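Dear colleague,

I am passing on the structure shown below, together with some notes on what was found in it.

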Amino acid sequence: MATSPLSEMAPFDLNNRLMSVLLVDDDESLVDMSSAFLEREIDNVETTTLTDPEAVLEEVDGENYDCIVSDFDMPGLDGLDLLNALREEGVDIPFVLFTGKGSEEIASQAITAGVDEYLQKGGPEEYPVLANKIENLVEKHWAETQVYRGFLAIESAEEGIGIIDEDGVYQYMNEAYAAVYNRDRSEVVGEHWDMLYPPDETERFHDKILPELETTGAWSGVSTGVTKDGDPVPERLVLTQMDSGGHVCIVQELDQHEELKAELALKNRALDAAGLGVVITDATQEDNPIVYLNDGFEELTGYDEDEVLGRNCRFLQGEDTDPHTVAAIREAVDAGEAISTDILNYDADGDPFWNLLEIFPIADESGAVTNFVGFQREITDRRGYKDEIESQLEWLGEFGHVLSHDLKTPLSVIQGNLELAIELDDTDRLDDAVEATDRLETLVEDLANVMQQGDLVSDVETVELGDVFRSWDAFETNPESLDIIDSKPILADEHSLVRLADNLVKNTVEHAGDDTAMRVDTLPNGFYYEDDGPGIPESERDDVFKPGFTTKEDGTGFGMVSIKQIALAHGWEVTIDASDTGGARFEFTGIAEPQ
């Protein structure tokens, strides 16, 4: 637990410091004997003897002696007159009246005059008593002097120093502290600290700063006070917890330069909180090295400041970084232009991550680019979703090949059988044409579902999962085969979700029959659909969602594509696994629920 500055003073130890004592007595033999006895009784003592009390005023300046031991009855000045003269000169070191002429009257006068100790002379047995009194007086005087000097240092310090009790009330502050807020300390002492801060800063103290102070015993940073006139005061503040529960405050108003640094620190905290990595490069140096980075960059990349400063940002690139993207960045930097792009970077562990990189030039007053500032944000998850969509679009580009086969083939069958039916008057040929027409109808329906993805998430609302799978008007199957184990409300486009459920059920029916058991149940962040059919071999699961892929001779290959597109359009993830009974299991995760 941290303590206040005053409590951190070194303990007083007479053995660590030489004590200087002045002995005053008009009897030379007696004062010499006193000196000998005291040097025997006190280890670290140095004595000086004077027989002329008038000479004491010239000898003592308040700094060169720690204590004066004086006789009372002396010619010229008696002991009490000497004490009064010293006090008038501002000498406040301990004064012991050691006299052989003792009486109640003299003792009373000594106490009234402010003598620190009064002791009558006697035999040698009195010197241990005298030595003990001297040691106690000097130790007390040293302690008081040290505290007083510390107090004077606090009073005259340029920094504001204050003490707050456990209730948050100022018990002390120097003038410099009050001056920071354009106030007199008499206005603040006895008041709660929150009078010097605006409401939003007061809230920050209660929510963040004071809890940290109680936990660690200390806090330092930048804050903003308010003057008597309501003007903001940027300040640097240091708080130290005391054993009593209060704390010591040291405050200093920031000058313009420090205020700018504080503003930059505030912006850095905001950028760090936003999860942005920030670097600044020096375009005037060779290879445009990094000269500044924030904590967000260290967290994003895993590199420490010492590993980054002085290097070009290209050290984040790796073997799979797109060279065309790198060339575009280099071209923009060479031209002193801004650029925003996605780039594959590598962190300190060598792991790749997608980085949304935005670079902006900074020019001086002449227009010459002196620096670049780069903002980085990890978008690996979003980029993965984007890559899947782009992959799906690439698959859609293959539709021309699929159509040339899957559409032209049934059309040729229809056309050929109709011609033969007419030419040969063979009505059996019409049955083959009708069958091909059914095949064509199924193909067109699935293809239409896939091609309508642009409208899938146009109306997101709260949908009850179980109700979608109970909408049997959409399914030509046995409703008794489907078991809704659990249901919950989710956010989705209802029409698209019905189409997804329709394709799942149709896939089961087509591959396993109408009576195959099907189940729907919730997951912590989504739901699953599974059946008791033959399942999907693990070797085929990566290909199931590709357009045109099917294991049936008359399958179109687009039903599974539609399921994948509907999930992606909602921002969901869909995976295929085996059910407990060996059937197919589709898990849909990343699904939002109503708040």
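Just after α12, G336 takes a positive phi of about 65°. Before going further, please bear in mind that this is a predicted model, and that every value below was computed from it.

Helix α12 itself covers residues 323-334, and its 12 residues should span 16 Å at 1.5 Å a residue, which agrees with the 16 Å found between its end C-alpha atoms. Within this helix, T325, V326, I329 and A332 are buried. Seen down the axis of α12, the buried residues fall within an arc of 130°, so they line one face of the helix. The cover over these buried residues includes β13 (339-346) and β14 (352-363), whereas P323, H324, E331 and D334, on the other side of α12, are exposed.

**The chain as a whole**

The protein chain contains 18 helices and 22 strands, and of its 595 residues 42% count as buried. The chain exposes about 31,700 Å², of which carbon and sulfur atoms supply 47%.

In soluble globular proteins, nonpolar side chains tend to be buried together. The largest nonpolar core in this model has 32 residues, and F469, Y529, W572, F586 and F588 are the ones that touch the most other members. Helix α17 (residues 494-512) gives the most to this core, with six residues. A second, separate core of 21 residues includes V180, Y197, V233 and C249.

To return to W572, its contacts, leaving aside neighbours within four places in sequence, are with I490, L491, A492, L497, F527, A567, F588, T589, G590 and I591.

**Cysteines**

How many disulfides does a search of the whole structure find? The search finds zero. As for individual cysteines, C67 counts as buried because its relative accessibility is 0%, under the 20% cut-off, and C249, a member of the second core, counts as buried because its value is 2%.

**Two asparagines with positive phi**

N182 has a phi near 60°, a positive value, and is found in the loop between α6 (175-180) and α7 (185-188). N288 has a positive phi as well, near 50°, and is found in the loop between β11 (277-282) and β12. Are these residues buried or partly exposed? N182 counts as partly exposed because its relative accessibility is 45%, which lies between the cut-offs of 20% and 50%, whereas N288 counts as buried because its relative accessibility is 15%, under 20%.

At 40% relative accessibility, V291 counts as partly exposed. Not counting residues up to four places away in sequence, V291 touches I280, T281, D282, Q285 and L309. V291 can also be related to V308, which is 17 residues away in sequence and, C-alpha to C-alpha, 8.6 Å away in space.

Helix α1 (residues 28-41) has 14 residues and reaches 20 Å from its first C-alpha to its last, close to the 20 Å expected at 1.5 Å a residue. The buried residues of α1 are V31, S34, S35, F37 and L38.

Helix α5 covers residues 126-156, and L137 lies in it. L137 is buried, because its relative accessible area is 12%, under the 20% cut-off. Which residues does L137 contact, once its neighbours within four places in sequence are left aside? They are P94, V96, D116 and E117. With P94, the separation is 43 residues in sequence and 6.3 Å in space, C-alpha to C-alpha.

With best wishes

Technical notes
Residues numbered from 1 in each chain as written. Predicted model: local features only at pLDDT ≥ 70, side-chain atom pairs only at ≥ 80, totals over all residues. Heavy atoms only, no water. Buried < 20%, exposed > 50% of the residue type's maximum accessible area, 1.4 Å probe, protein only. Contact = heavy atoms within 4.5 Å. Helix = DSSP H or I, 4+ residues; strand = E, 2+ residues; numbered from the N terminus. Expected span 1.5 Å × (residues − 1). Arc of directions from axis to C-beta. Disulfide = S-S within 2.5 Å. Core = buried A, V, L, I, M, F, W, Y, C linked by side-chain atoms within 4.5 Å. Areas by Shrake-Rupley, 256 points an atom, 1.4 Å probe, with all protein chains shown as cover.
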